[in-house]
Structure formats: C-alpha cells, structure tokens
Amino acid sequence: MRRRLLWTVVCLLAAGPAGAEIVDRIAATVNDVAIPESEVRKAMVVSGVAPQPGEDPDAFRARILDALIDQHLEFEDASRFGPVAPDAAEIQAAMDRLRDRLKAEGKDPAAEFARAGLTPEEVRSSIERQLVIARYLRERFAPIAYADEEQAREEYEKRYVAEQKAAGLTAPPFESVADEMRRRSSGRAFGEEVTRWLRDLRQKSRISIYRMPVAVPQERAAIVISSAPSPTKTPGP
C-alpha cells in the first residue's frame, strides 16, 4: 500500500526582501498547510510508487500528490496521539530497502537523492514519518480487520477458487491454504477500513489542489509551509 508513502515537507524558500526570487511553489494545501512542489518532486524519488505502464508524467505526478495528501492527513491524525519514533534499526532497514529498490531499477541511490535535492538526513526523516504512519494504521485497524474461520472460508470460496480456475489450476483443499486465506481476508478488510477512514478525513478537511502550482506568497501568515510535528523521541538509557 502506501502504502503506503513517508515524505518530509521540505520547502526551499528564498531568503531576502520582498521581490526576491521565489524558488518553490504550492502544489496543494491541506488544512492550511502547504504541500510544496519540491515535496512532490522528492516523493517521486523516495516513495515506493512507480509509474504505471503508459502513464504520462503529469498523471504520475497527480497520483503522487494525491498520495501525499492522504499521507499528510494520516500523519496529522496519528500526531494527535503523540506517536513514538521508530528505533534506529527499523529506520536503517527501511533505508536499505529503499536503496535496494533503486538499485534494482538500475539507479544509483545517492545520485537519485541528489537529483531530488534530498540529503541523507532528509531521506531518513521521510522514512521515519512513513514508519510512524504504518505503525499507527496497524495499531488502529489491524484488530478490526481480524479474519475468523468463516471469513477465511468466504475468501477461499468467493475469490481464491475463482482465481485458480481462471489460471487453469485446481484449487487445493481449504485446510491446506487456511492461513493464507485468513491473511488475504484480513488484508482486504484492513484496506477497506483504511479507505473508509481516509474518505472521512478528506470530507472533514480543507483541501485545495492547484492544477498549475502557485507561487509561495511573500505574506505567509495564513498558510503554513510546514508539516505535522515530528514523532516523539524515546528517551535514551
């Protein structure tokens, strides 16, 4: 899933008097918090989202921006409960997976980060944010999405058997794939719960998407060029 997507809002605003060159633009606002175009560009590198076959650059950018809006809402909601930051080992493992994915795509991770204007510290911060969201979603929705025997059998009979038949295969007995059916049913229910929750968050939020990104205003009192606060750091020993 996103998912699902942890990207830090990084805005490169020119320092200086009024009339100085503007070096970033606003792609969208969520509850009066801006998502700069620079964040969209960086997310296109850091996220695990890849262009779909035949998808043009504008459509891919729009999909990334939509995911960033969802992620902002998710992190904003998670922040209400004072999330604890992931430990260093978990962040490093996620960093390693990101580098491995980029290498598998024939890309040099360091070059890709530099091209997007990301320092290693910003990449780590982005990943940390994504891990906070993933933990929050698991803690909130995994218990609701638990699949019992009846739901596992429904997954088997209504979906799995049909999939096997379409592939020209004979479905094995339910007992031999029961655990897999529970995982599939739980995953489906989890996704549906998160989708409903996000739809509700969007309906309650003030969201503006600019088809042509607008310049960051010189007077920025009403629009915060920022993101939700960082997760709470656990105290050292």
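This is a predicted model: local features need pLDDT of at least 70, side-chain atom pairs count only at pLDDT 80 or more; totals for chains, interfaces and linings use all residues.
Me: What makes up the secondary structure of the protein chain?

Reply: There are 7 helices and 3 strands. Helices (H or I, at least four residues) and strands (E, at least two) are DSSP runs, numbered from the N terminus. From that end, the order of elements is β-β-α-α-α-α-α-α-α-β.

Me: Why is Lys-42 called buried?

Reply: Buried means under 20% relative accessible area, exposed over 50%, and partly exposed in between (1.4 Å probe, protein chains only). Lys-42 has 6% relative accessibility, so Lys-42 counts as buried. This residue lies in helix α1. Its C-alpha atom is separated by 9.8 Å from that of Ala-114, 72 residues apart along the chain. Across the protein chain, buried residues make up 38% of the 237 residues.

Me: Is Glu-150 buried or exposed, and why?

Reply: Glu-150 has a relative accessible area of 64%, so it is exposed. Glu-150 is found in helix α6. Between Glu-150 and Arg-182 there are 9.4 Å in space, C-alpha to C-alpha, and the two are 32 residues apart in sequence.

Me: How do you know what span to expect of helix α3?

Reply: The expected span of a helix is 1.5 Å times one less than its number of residues. Helix α3 (residues 88-104) has 17 residues, and from its first C-alpha to its last it reaches 24 Å, close to the 24 Å expected.

Me: What makes one face of α3 a buried face?

Reply: In α3, the residues Ile-91, Ala-94, Met-95, Leu-98 and Leu-102 are buried. Seen down the axis of α3, the buried residues fall within an arc of 105°, so they line one face of the helix. The arc is that of the directions from the helix axis to the C-beta atoms. What covers these buried residues includes α1 (37-46), α4 (109-115) and α5 (120-141). The face turned away from the buried side carries the exposed residues Ala-89, Arg-97, Lys-103 and Ala-104.

Me: Why are α6 and α7 called roughly perpendicular?

Reply: Angles under 35 degrees count as roughly parallel, over 145 as roughly antiparallel, 65 to 115 as roughly perpendicular and the rest as oblique. Axes are lines fitted to C-alpha atoms, for helices over the stretch in contact, and angles run from 0 to 180 degrees between N-to-C directions. Helix α6 (residues 149-166) and helix α7 (residues 174-204) pack at about 100°, with their axes 8 Å apart. The two helices are therefore roughly perpendicular to each other.

Me: How are α5 and α7 placed, and what is the label for that?

Reply: The axes of α5 and α7 cross at roughly 105° and come within 11 Å. That makes α5 roughly perpendicular to α7. Tyr-136, Leu-137, Arg-138, Arg-140 and Phe-141 in α5 meet Phe-190, Glu-193, Val-194 and Trp-197 in α7.

Me: What is said of phi at Asn-31 and Asp-32?

Reply: Most residues other than glycine have a negative phi. Phi of Asn-31 is near 50°, a positive value in a residue other than glycine, and phi of Asp-32 is near 70°, also positive in a non-glycine residue. Asn-31 has its place in the loop between β1 (25-30) and β2 (33-36), and Asp-32 is found in that loop too.

Me: What joins the side chains of Asn-31 and Glu-76?

Reply: A polar contact of 3.0 Å joins them. A polar contact is a pair of N or O atoms within 3.5 Å; within protein, one must be able to donate a hydrogen and the other to accept it, and residues adjacent in sequence count only if both atoms are side-chain atoms.

Note on methods:
Residues are numbered from 1 along each chain as its sequence is written. Side-chain values use heavy atoms; hydrogens and water are left out. Contact means heavy atoms within 4.5 Å.
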